Amino acid sequence: MSITNTLTLTSELDLPAYLFGIAMLLIVMLVHGFALLQIAKRYEVKSFLYLSEHKYSSVAFVFYVSVLCLFLTHIFEIILWGISLRVFNLLPNLGESILFSGSTYTAMGFMDDLLPSGWKMLAIIIAFSGMFSFAWTASVMISMTKNFRQAYTRLHMQKLKMAPEVIERFK
């Protein structure tokens with residue numbers, strides 16, 4: 001097999017895309033994991049303190065701020081993918097790179113596949129990173145809703161003028 005055939009086969013199999021995509025996938029998952037741990041940890045501590053202080057509306061506020069932070073984490077990851085596509089000169093400009101990354105990361109697919117030949121598999125890897133990230137975020141949000149639901153129910157028990165000892169038993 002000649003060097004030309006080897007290079008053609010490498011390009012046809014999108015091997016550079018796999019290597020680059022896997023490296024970026026690992027980076028995105030590390031960033032995502034770190035951000036989720038920070039957001040979840042802070043939410044758990046704050047919501048626990050607010051529940052113990054009977055500040056039920058504050059729990060809701062912290063919940064919504066945490067959801068916003070989760071959203072911003074995904075936006076950051078889309079931008080990270082976009083910057084990496086532009087740095088490797090795979091797309092003509094940064095705006096288009098970020099838009100393509102967002103379209104692919106969310107699996108919306110509202111853009112054409114703009115990647116050059118030999119890099120097409122990268123779009124699938126970006127989509128997998130989005131699916132993994134969204135699933136992980138959903139699991140964190142589900143765990144966060146326990147304290148939010150508890151605060152919401154206790155607030156409404158107060159509005160119904162239920163006895164404080166009854167409200168405190170609800171967990």
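**A helix pair and its surroundings**

Guide: Let's start with α2 and α3, whose axes come within 10 Å and cross at roughly 170 degrees. The axes here are lines fitted to C-alpha atoms, for helices over the stretch in contact, and angles run from 0 to 180 degrees between N-to-C directions. The crossing angle therefore makes α2 roughly antiparallel to α3, given that angles under 35 degrees count as roughly parallel, over 145 as roughly antiparallel, 65 to 115 as roughly perpendicular and the rest as oblique. Where α2 meets α3, the residues of the contact divide into 22 nonpolar, 8 polar and 2 charged. In that tally, Ala, Val, Leu, Ile, Met, Phe, Trp, Tyr, Cys and Pro are nonpolar, Asp, Glu, Lys and Arg are charged, and the others, Gly among them, are polar.

A word on how to read all this. The model is predicted, so local features need pLDDT of at least 70 and side-chain atom pairs count only at pLDDT 80 or more, while totals for chains, interfaces and linings use all residues. Residues are numbered from 1 along each chain as its sequence is written, and side-chain values use heavy atoms, with hydrogens and water left out. As for the element names, helices (H or I, at least four residues) and strands (E, at least two) are DSSP runs, numbered from the N terminus.

Now let's walk along α3, which covers residues 56–87 and includes H74. H74 counts as buried because its relative accessibility is 7%; buried means under 20% relative accessible area, exposed over 50%, and partly exposed in between (1.4 Å probe, protein chains only). Setting aside residues up to four places away in sequence, H74 touches H32, Y105, S133, F134 and T137, where contact means heavy atoms within 4.5 Å.

Further along α3 comes E77. This glutamate is buried, at 0% relative accessibility. Its partners, leaving aside neighbours within four places in sequence, are V28, V31, H32, Y105 and S133. V28 is 49 residues away along the chain, yet the C-alpha atoms of E77 and V28 are separated by 6.3 Å.

Next on α3 is W81, which also has 0% relative accessibility and therefore counts as buried. Apart from residues up to four places away, W81 touches G21, M24, L25, V28, S101, Y105, L122, I125, I126 and S129. L99 lies 18 residues from W81 along the chain, with 9.9 Å between their C-alpha atoms.

W81 also leads us to the largest nonpolar core, which has 19 residues; W81, L85, L115 and L122 touch the most other members. A nonpolar core is a set of buried Ala, Val, Leu, Ile, Met, Phe, Trp, Tyr and Cys residues joined through side-chain atoms within 4.5 Å. Two or more residues come from each of α2 (15–52), α3, α4 (94–105) and α5 (121–159). The largest share, 6 residues, is from α2. Apart from this core lies another, of 16 residues, among them L51, L70, M144 and A151. In soluble globular proteins, nonpolar side chains tend to be buried together.

Turning to charged pairs, there are 2 salt bridges, each being a side-chain nitrogen of Lys or Arg within 4 Å of a carboxyl oxygen of Asp or Glu. In one of them, the side chains of E53 and K55 meet at 3.4 Å, N to O. E53 is partly exposed, at 43% relative accessibility, and K55 is partly exposed at 41%. The side chains of K120 and D113 form a salt bridge at 3.8 Å, N to O. Here K120 is partly exposed, with a relative accessible area of 34%, and D113 is partly exposed at 39%.

Finally, have a look at the loops. N89 sits between α3 and α4 and has a positive phi of about 60 degrees although it is not a glycine. Its relative accessibility is 56%, so N89 counts as exposed. In the loop between α4 and α5 you will find A107, whose phi is also positive, near 60 degrees, in a residue other than glycine. A107 is exposed, at 52% relative accessibility. For background, most residues other than glycine have a negative phi.
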